[in-house]
Amino acid sequence: MDKIVIEGGVPLHGDVMISGAKNAALPIMAATLLAPGEHTLINVPPLADIRTTKRLLGEMGVAFQEGEAPPGESGGVPWEAPPLRVDTSNLSGWEASYDLVKTMRASVLVLGPLVGRERRARVSMPGGCAIGARPINLHLKGLEAMGVKISLHQGYVEADAKRLKGAEIYFETPTVTGTENLMMAAVLAKGTTRLKNAAMEPEVGDLARFLVSMGARIEGIDTDILIIHGVKELRPSTYTIMSDRIEAGTYMAAAAITKGEVTLVNAPIPHLTAIMGKFIEAGVPLTVEPGRLMVHPGGSLTGVDIRTLPYPGFPTDMQAQFMALMSLARGASVITETIFENRFMHVSELRRLGADINVSGNLAVVRGRRQLQGAPVMATDLRASASLIIAGLAAQGTTEVLRVYHLDRGYAHLVEKLSALGARIKRMPA
Ligand code: EPU
């Protein structure tokens, strides 16, 4: 297993290209199951979760082919992913095995499209994960409202969808993958489905636009009421995946904590409003041009409070990275996590670097320090690992981040991108 070693204290400088969004690519790859034929997906990020999704779909008979990579940048590293051709002509299965679901919960995203196209699915029930229990009761309740018979056998959700029909569905709490699963089932259902209190995350909108490009009829995209008129069939499509707002926010934090001057290229600026607002409030100067976001060196950072909320609120997926930034701000910052019940696992590791953070329930109070000190640290999930990288970039001395496989799930070319910005960072066997 590898580790990442960082010598902190170097201000980052230069341009960084933001990759395609993991959480848009995953449901869009699953959605290709809905239409037989050859789809072309552009801007699929090179990530472990994408490889897992290929295995998952591959087990159902889906074939993949990568096109030519566009010319590389920064020393020949291909930041831009080659187009991915996905051939869903011959499906030979409708099962997501425990082996894959246990490594990636997002595997559950095949449930909706399998129910839509095959009228049946067998998907291992995901267990809890490091950040919370993460039930899928709302996915299942919504499918039942659409006439799908759901049963649980030996840890597998079995869905029989012979009578898939439109329904009125209200989500008690907005759920991203729940909204995505039900939208993917509804596009091929008989009649109209209304999803109320739907998740409005931009990745849900990206999936909806992909479905529309395949011939689906969806109204209310990017709002909390999605109206889906079922159609008889869909056709394969070519689609460019949006860029990753959480990767963008992570590089913003890396630039700001090192007092660097970094331009994010292909930044999804309209989706960064809440994040940018908090950076500005904390004293980080930002300027924007179309598709480019510049982070400038400012004076000292000021502690600001954040509260994670469903979109358009401040994303839970940026909470850990922002906490790392706040650990070097002047004054206190109160961070409230309202989405997941156990998403402060990075706190004890940030403390190992010298951060002053107290947690009480879903509140963390960060008292900014003048300096952090490098140390070996490890993390339990993707965004927690990113926060340790950010802290390590600013800490005095050497920080070693263990369990790098978490980062591989969600950050494309992380070490190469940070090195190109001047960071002293390398990956090596642990
Ligand atoms: N919830 C339920 N019942 C359900 C579904 C969700 O109670 O049936 C609750 C969850 O326990 C949680 C809240 O609803 O408290 C919101 O969870 P949501 O379902 O929206 O999360 P998710 O769809 O499982 C996606 C992202 C996560 C991101 C969350 C919140 C993907 C593949 N994953 O998860 O991304 O944190 O939305 O925005 O899109 C990450 O990228 O690091 C990551 C964890």
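**View A. Met183 and the residues it touches.** In this predicted model, Met183 is in contact (heavy atoms within 4.5 Å) with Leu195, Val204, Leu207, Ala208, Leu211, Ile218, Leu226 and Ile228, leaving out residues up to four places away in sequence. Residues are numbered from 1 along each chain as its sequence is written, and side-chain values use heavy atoms, without hydrogens and water. Local features need pLDDT of at least 70 and side-chain atom pairs count only at pLDDT 80 or more, while totals for chains, interfaces and linings use all residues.

**View B. The largest nonpolar core.** Here are 76 residues, and Val110, Val115, Met183 and Leu211 have the most contacts inside the core. A nonpolar core is a set of buried Ala, Val, Leu, Ile, Met, Phe, Trp, Tyr and Cys residues joined through side-chain atoms within 4.5 Å; buried means under 20% relative accessible area (1.4 Å probe, protein chains only). Helices here are DSSP runs of H or I, at least four residues, numbered from the N terminus.

**View C. Helix 1 beside helix 2.** Helix 2 covers residues 48–58, and the two helices pack at about 10 degrees with axes 10 Å apart. So helix 1 runs roughly parallel to helix 2 (angles under 35 degrees count as that). Lys22, Ala25, Leu26, Met29 and Ala30 of helix 1 meet Asp49, Ile50, Thr53, Lys54 and Leu57 of helix 2.

**View D. Residues 73–77.** Watch out here: pLDDT (the predictor's confidence in each residue, from 0 to 100) stays under 50 over this stretch. The chain as a whole averages 95.

Methods. Buried means under 20% relative accessible area, exposed over 50%, partly exposed in between (1.4 Å probe, protein chains only). Axes are lines fitted to C-alpha atoms, for helices over the stretch in contact, and angles run from 0 to 180 degrees between N-to-C directions. Angles under 35 degrees count as roughly parallel, over 145 as roughly antiparallel, 65 to 115 as roughly perpendicular and the rest as oblique.
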